[in-house]
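Subject: Handover of a structure

Dear colleague,

Please find below the structure that I am passing on to you. My notes on what was found in it follow directly after.

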Amino acid sequence: MGAILDPIEELKQHSVTDDHFREIDITSRLQQNMEINPYKNTSGHRSFTRKTVMSIVIPCLLLASFTAYAASGHIQILNNKGEVVVKTIDPPASLPAKLSGLLEEYRVRVMSNLQQGELAAYYIKDDYINEGNGYDTLNPVKFEYRPTDYHSYEAFQKEQARTSAPPIKKPDNLPDGVKFAYGQVFPLGPQLYGEERAQYDALKQRLMHQAQSSTSQEKLFVEKLAWSKASNSVVYLSDGKSSTAITITAGYGKKASFTKLPDTSPEKVQLKHMEGIYLQHEANGDLVSWYDPNRSIVYAIMVNVKGLVNKDELLKMAESLIDE
């Protein structure tokens with residue numbers, strides 16, 4: 001996954017190459033480890049390799065224009081090459097209950113043995129999970145990460161710089177009573193493509209060899225991984241009642257996708273010199289997202305408390321994070 005800083009200048013000094021970046025897949029709600037659940041507030045940690053995860057990868061692109069597909073009500077942003085870089089999508093199909101239950105069982109086991117800041121890869125010796133379910137068969141190596149919470153912006157900023165994470169500036173134009181709660185960064189793990197594919201393949205081979213050579217009944221095989229570069233940053237803002245009233249995310253990426261529910265109204269917005277997508281949902285908070293082509297970063301602000309900010313306030317908050 002990706003990298004963070006004083007906001008802008010240090011990114012140039014610590015940024016990682018495009019080979020480290022993956023494509024970002026974002027829906028309208030973000031859990032604490034960058035997995036996104038559409039319009040569902042939960043506090044659990046999730047694996048950063050699942051299909052709903054915010055993933056990452058990016059050559060520098062320039063956003064050009066929005067196009068709408070009228071029949072579906074979706075919108076998308078194109079770059080100057082005519083490639084889609086940000087779009088809204090229909091809600092993805094949920095996993096079968098059996099598969100979801102099994103994956104959650106093993107995820108909890110792995111997480112129970114992780115300290116803050118630790119990243120683990122694991123393989124489950126189960127033919128149904130790896131071959132027979134029809135949903136999750138391409139990625140036999142799973143990952144879990146337990147993030148560290150940085151409760152001062154200064155500490156969070158230092159961690160952004162140390163890990164070359166995508167920077168999130170301290171936002172201005174916050175509603176009364178809303179303030180920084182804590183920040184997190186998320187690691188760039190072994191990749192399924194590019195120059196790091198060999199690292200992923202070697203990891204997969206080690207885990208599967210352990211599983212195949214084991215004579216016990218154990219099905220879970222885990223390896224903790226060292227990491228130094230980050231792919232994603234998250235800032236949580238508190239309204240005094242909820243420490244995650246507003247979530248700000250930043251991730252290195254080439255593309256971003258946002259789930260549009262039937263009663264959601266997406267529209268194009270102008271944020272200083274950048275275009276963005278604004279999603280309004282009557283029963284939940286709103287979302288605004290934009291793509292910074294100069295640093296290849298997708299940003300999103302998600303309001304998790306309905307009515308906490310209005311559209312104009314949310315757009316002003318977004319603009320405070322954008323450099324002139």
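Two strands are said to pair if DSSP finds at least two bridges between them. Helices (H or I, at least four residues) and strands (E, at least two) are DSSP runs, numbered from the N terminus. The model is a predicted one, in which local features need pLDDT of at least 70, side-chain atom pairs count only at pLDDT 80 or more, and totals for chains, interfaces and linings use all residues. Residues are numbered from 1 along each chain as its sequence is written, and side-chain values use heavy atoms, with hydrogens and water left out.

The overall composition comes first. The protein has 6 helices and 14 strands. Of its 324 residues, 54% are buried, where buried means under 20% relative accessible area with a 1.4 Å probe, counting protein chains only. The accessible surface, computed by the Shrake-Rupley method with a 1.4 Å probe, comes to about 14,100 Å², and 48% of that belongs to carbon and sulfur atoms. With contact taken as heavy atoms within 4.5 Å, residues 24 or more positions apart account for 69% of the contacts that have a separation of 6 or more.

I turn next to the sheet. Seven strands form an open sheet in the order β6-β8-β9-β14-β13-β12-β11, with antiparallel pairing. Its edge strands are β6 and β11, each of which pairs on one side only. Neighbouring strands are turned by 15 degrees against each other on average, direction ignored; the axes behind such angles are lines fitted to C-alpha atoms, for helices over the stretch in contact, and angles run from 0 to 180 degrees between N-to-C directions.

Strand β12 (residues 274–281) is mostly covered, with 7 of its 8 residues buried. The antiparallel strands β11 (residues 264–271) and β12 are joined by 8 bridges, and K268 has I277 of β12 as its bridge partner. The hairpin of these two strands has 2 residues between them, and there K272 takes a positive phi near 55 degrees. To β13 (residues 287–292), β12 pairs antiparallel over 4 bridges, with L279 partnered by L287. Elsewhere in the sheet, 7 bridges join β9 (residues 246–252) to the antiparallel β14, and I246 stands opposite V303 there.

Two helices lie across these strands. Helix α4 lies across β6 and β8, at about 20 degrees to β6. Helix α6 (residues 311–319) lies across β8, β9, β11, β12, β13 and β14, at about 45 degrees to β11.

What of the interior? A nonpolar core is a set of buried Ala, Val, Leu, Ile, Met, Phe, Trp, Tyr and Cys residues joined through side-chain atoms within 4.5 Å. The largest one has 52 residues, and I246, V288, W290 and I301 have the most contacts inside it. A second, separate core of 13 residues includes I77, V85, F258 and M302. Beyond its neighbours within four places in sequence, I246 is in contact with residues including V178, V235, I301 and M317.

Two serines also deserve a note. S164, in the loop between α4 and β6, has a positive phi of about 55 degrees although it is not a glycine; this residue is buried, at 1% relative accessible area. S296, in the loop between β13 and β14, likewise has a positive phi, near 55 degrees, and counts as buried at 4% relative accessibility.

With kind regards

Technical notes. Buried means under 20% relative accessible area, exposed over 50%, partly exposed in between (1.4 Å probe, protein chains only).
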